[in-house]
Amino acid sequence: MADDILFELLHSEIINYSLEQSKDSNEKKETDLSVVEYIGFAAGYKIMERLTREWPRFKDELDTMKFICTDFWTCIYKKQIDNLRTNHQGVYVLQDNAFRFLTNFSNGHQYLEYAPRYVAYTCGLIRGGLANLCINSVVTAEVQNMPSCKFHIHVQRT
Amino acid sequence: MAVCVAVIGKDNSPLYIGGIGNDTNTDNELSRQWLVHTALDALEERLATTNTNTTGTNTNAARTDLRDLYLGLLYSTDTHKIYGYVTNTRVKLVLVTSSISPSGSNIRDAEVRTALRRLHALYADAICNPFHLPGDQITSPKFDKQVKSLMLNNV
């Protein structure tokens with residue numbers, strides 16, 4: 001579908017652009033993805049307000065995570081999260097076996113070093129969505145085998 | 001007759017307070033703020049019972065009722081009635097009506113519910129403005145206009 005392609009192309013251009021910017025500002029080899037993460041955060045924050053409009057109040061944190069895995073993910077990536085795991089102490093692992101931004105690259109270890117660039121936006125997206133639901137968290141991603149991706153959510157309790 | 005509508009943020013800071021009719025002038029700003037804030041305690045109380053109910057052993061019917069975003073009549077004074085609505089994102093929407101309506105007929109619960117649902121939709125649209133930062137006051141004239149017409153037409 002055309003609208004999906006638009007989102008994917010825009011996403012990859014944002015990443016290219018921010019990489020280009022960070023290359024200009026300093027000559028370090030590390031790439032700065034905090035801007036991309038922040039764009040994701042702002043988007044997630046605003047999407048959540050719309051998405052939960054017709055939804056009954058969430059019972060607890062796990063209920064909220066289930067919402068992220070099903071409705072939130074379906075809204076953005078047209079599929080659900082394949083696996084949700086938790087230790088019931090504020091750590092959640094969301095596994096997507098065919099993460100959309102990675103499916104076009106490879107089915108193996110090729111380009112593995114570039115994978116982190118393409119998950120930063122989604123980390124921000126999850127963090128922003130949760131922040132609007134009053135759950136402060138740190139979201140990191142892990143890519144071991146190319147199309148599949150794991151998102152680790154650490155809920156900050158203070 | 002709705003006289004005032006307010007949007008209160010997560011941290012109980014007012015994001016938007018608007019009034020119509022006699023209440024539009026700035027002299028009444030303080031009384032409007034006061035009216036809205038008297039309702040916040042009642043609102044917090046309702047939310048707290050929602051949380052204990054889910055862990056406790058309350059009846060299922062009560063629980064599903066409390067999971068509704070619309071909280072109903074929160075508080076009534078001699079002159080005003082205050083209705084509340086809390087979104088999933090902990091943003092509180094408050095609608096104040098005068099108890100002594102000029103037409104003499106009492107306002108129906110369903111009307112307030114639809115008005116607050118529409119206000120929620122308007123709020124979600126206002127939030128989606130990319131220049132609006134979360135937690136800031138809503139200064140959009142479009143939002144203001146839409147809310148005013150909502151107050152005039154619907155309730």
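Trainee: Where is Tyr114(A) found?
Mentor: Tyr114(A) sits in the loop between helix 4 (100-103) and helix 5 (120-132) of chain A; helices here are DSSP runs (H or I, at least four residues) and strands are too (E, at least two), numbered from the N terminus. Keep in mind that this is a predicted model, where local features need pLDDT of at least 70, side-chain atom pairs count only at pLDDT 80 or more, and totals for chains, interfaces and linings use all residues. Residues are numbered from 1 along each chain as its sequence is written, chains are lettered from A and ligands numbered from 1 in the order in which they are written, and side-chain values use heavy atoms, with hydrogens and water left out.
Trainee: Thanks! New topic: how many salt bridges are there over all chains?
Mentor: Nine, from a search of the whole structure, counting a side-chain nitrogen of Lys or Arg within 4 Å of a carboxyl oxygen of Asp or Glu.
Trainee: What does Asp125(B) form a salt bridge with?
Mentor: With Arg50(A), the closest N and O atoms being 2.5 Å apart. The pair crosses between chains, from helix 3 (residues 109-127) of chain B to helix 2 of chain A.
Trainee: And which residue pairs with Lys79(A) in a salt bridge?
Mentor: Asp96(A), at 2.4 Å between the closest N and O atoms. Asp96(A) is in strand 2 (residues 91-96) of chain A and Lys79(A) in the loop between helix 3 (61-77) and strand 1 (83-86) of chain A, so the pair ties together parts 17 residues apart in sequence.
Trainee: Is Asp96(A) buried or exposed?
Mentor: Buried, at 0% relative accessibility; the cut-offs are under 20% relative accessible area for buried, over 50% for exposed and partly exposed in between (1.4 Å probe, protein chains only).
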